[in-house]
2 protein chains.
Amino acid sequence: MTIKNLSPSMFIGVAGKGIISFGSGQPDLPPPKEVYDILPTFKAFKYGLIQGQVHLREALAKQYPTSTADSFVVTNGASEALDLSLRVLSKFGNKSNKVLLPRPYYYSYPYSVKFAGMEPVYTDLVEGRIDFADFAEKVVDCKAVIINSPSNPTGRVESIQTLKRIEKLTSDLGVYVISDEVYKDLIYVRGNYLIQGPHVVTINSFSKTYAMCGFRVGHLWSLDQDFVNNVIQMKTHTSMNTNILGQEMAYEATKVPRSFIDNQLRIWKQRRDLIYEGLSDLGLDLWKPEGAFYVLPKVKNSLDFVWNMFKRYKVITYLGKWFGTENRVRFSYALDSEKIEEGLKRVGKYLNKN
Amino acid sequence: MTIKNLSPSMFIGVAGKGIISFGSGQPDLPPPKEVYDILPTFKAFKYGLIQGQVHLREALAKQYPTSTADSFVVTNGASEALDLSLRVLSKFGNKSNKVLLPRPYYYSYPYSVKFAGMEPVYTDLVEGRIDFADFAEKVVDCKAVIINSPSNPTGRVESIQTLKRIEKLTSDLGVYVISDEVYKDLIYVRGNYLIQGPHVVTINSFSKTYAMCGFRVGHLWSLDQDFVNNVIQMKTHTSMNTNILGQEMAYEATKVPRSFIDNQLRIWKQRRDLIYEGLSDLGLDLWKPEGAFYVLPKVKNSLDFVWNMFKRYKVITYLGKWFGTENRVRFSYALDSEKIEEGLKRVGKYLNKN
């Protein structure tokens, strides 16, 4: 690892004595114990349905309005749902192949768009949220837009008014909306607002709500049956069914009482307050997180910050540039309060010296 | 389901009272019991390495010559390994985007090639095996070729001489070889010959050898580190790590003694003999399977055959057309002898009436 070739994937799985990682965006608290309860007696081994196990899709359908199991595809995490969606949309219609991305963005988006043979274009967020005027101007030329509220990496939640305006405008224009709602259960300021319409593809996952990152179970939801069928057809040839055991574990998670999520949310909120106040007290300029578990403070010489914090202070942070923004770094606060406090101390030491 | 929209995916998971399925290509015999032994105590949940768990890749490296864990990527089955390989190769070099496919082919190949933005071209098999003269003529214009020995759907195994000639010619021409060897442990006539060279990508899976289809654990192997790194980078954004529990189960499978495979092979060979002799006795023209678990007999009016065998006789077979060949149907013999015999009886009844 050198300062020149730093990338987020280099930090994945990096751990060790004394390292404090504000890096990877994955819950540290375990999944509900119920998801493990089915393991001792599990004996299946054959292919499952490409679209996903029926009972899991039926359980998901209960969470979405006017929906049946037909409207879902269970995928290898939200990542595959996004990849398949973009690859299918790239072949749809004859409009431009541009996909609008609010910036800063989740670092995979530009890659996913390009890997699908499409072209990313950007609308810059203001105070971490969509500037609707700029959005409206740029979306006209696009085939699709990716919305990510709550946002990784800004931690911001779009206003319901903005989401409704986006819903209407994209519907009028015939622009597809890919709504990545993987943090929908981690909102501190209101309930989730589900963007709807036949032009909407909603992406979700068991990774954040139920801490099941490693099992890679996500799904997409769309009321456009032609789109769903195209996704299934593509998945038939690109990965087949999602791991059958992962799907059963996910199904168990759908049965866990809401209190599991509420209890987790309380913990996330405490951590949010701790890191937000801690970094503010250190004099950093940052947006108050309203959802997800990230903060994106401004720092001088962000590359030096990330490099030195890791090399000299054993603290992993992610460079803003990976998310399309300069002079900022991303902290994931998916770690316990004690470690957050220790990490904040080390950041303070670095800032005092630089 | 109508005769006009018949497709293999419509038969996946179709089962029921009295149905005999020669359709889907998946083992009916269970995985080694050892792969389930780890389930009761499994507690992990975090992301794994995108490339795959180190101990699994180290175990795989022992099965390949001059290899280390770095040469492997663990994937969501062989399907994703193929998809990622083609997508990465489509961006490599400046040669044509043609991919040569021996025909009849595994039905996903043309889709996979097209989904990766490349163009499939074909070399027709002779007696179910590669015609090297035709292969040599057509491969010149190609960027890559997919080799599948033992072959799904022909059940044939290429001669070592042919494989060596392909190895040399493609190396001389700088054409990539994607060698899909998922049936390498199911060969009745000789040991597997591993095609080698820095231009070779070998694809394999735990689905056939260890009957782990539903868990979707495959891998690719390549000595071209640049290619491997590109695959990892793409997987980072398109699906992330392969299910961590599936990988642990696969790792357990690597430790199972060779006798497990030998015992399975004995059963496959008995079934091969049963169906080959049975269909021959019914007067059908077919190639003797040398590997995998498929036969591809000629039949008159193959569409009527597949349709009526299913609708009137509850026997699932796959249409040759799906594999790029007319007037043939594919039988998978991944079912027990009793069912094979019952299925043969029903085929006999149909043939006598038509």
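Which residues touch the most other members of the largest nonpolar core? They are A:V145, A:M212, B:V145 and B:M212, in a core of 199 residues. A nonpolar core is here a set of buried Ala, Val, Leu, Ile, Met, Phe, Trp, Tyr and Cys residues joined through C-beta atoms within 7 Å. A residue is called buried if 20 or more other C-beta atoms lie within 10 Å of its own, exposed if 12 or fewer, and partly exposed in between, with C-beta atoms placed from the backbone.

The model is predicted: local features need pLDDT of at least 70, side-chain atom pairs count only at pLDDT 80 or more, and totals for chains, interfaces and linings use all residues. Residues are numbered from 1 along each chain as its sequence is written, while chains are lettered from A and ligands numbered from 1 in the order in which they are written.

In soluble globular proteins, nonpolar side chains tend to be buried together.

The relation between the chains comes next.

The contact takes 47 residues from chain A and 47 residues from chain B. On the chain A side, α4 (77-90), α5 (108-115), α8 (225-238) and α9 (244-254) each supply at least two residues, and α4(A) gives the most, with five residues. Helices (H or I, at least four residues) and strands (E, at least two) are DSSP runs, numbered from the N terminus. The chain A side divides into 22 nonpolar, 19 polar and six charged residues. In this division Ala, Val, Leu, Ile, Met, Phe, Trp, Tyr, Cys and Pro count as nonpolar, Asp, Glu, Lys and Arg as charged, and the others, Gly among them, as polar. The copies meet through the same surface, because 100% of the interface residues of chain A are also interface residues in chain B.

In chain B, helix α4 (residues 77-91) is mostly covered, with 13 of its 15 residues buried. Just after α4(B), B:G93 takes a positive phi of about 65°. Elsewhere in chain B, B:F293 lies in the loop between α10 (258-281) and β9 (294-295). B:F293 counts as buried because it has 25 C-beta neighbours inside 10 Å. Residues up to four places away in sequence excluded, B:F293 touches B:G25, B:L186, B:W268, B:S332, B:Y333 and B:A334.

Two sets of paired strands complete the picture for chain A. Strand β2 (residues 72-75) is covered on both faces, with A:F72 and A:V74 buried on one side and A:V73 and A:T75 buried on the other. Four bridges join β2(A) to the antiparallel strand β8 (residues 218-222), where A:W221 is the bridge partner of A:F72. Two strands pair if DSSP finds at least two bridges between them. An open sheet of three strands has the order β9-β12-β11 with antiparallel pairing, and its edge strands are β9 (294-295) and β11 (318-319). Within this sheet, A:Y294 has A:S332 of β12(A) as its bridge partner.

Notes:
Contact = placed C-beta atoms within 7 Å.
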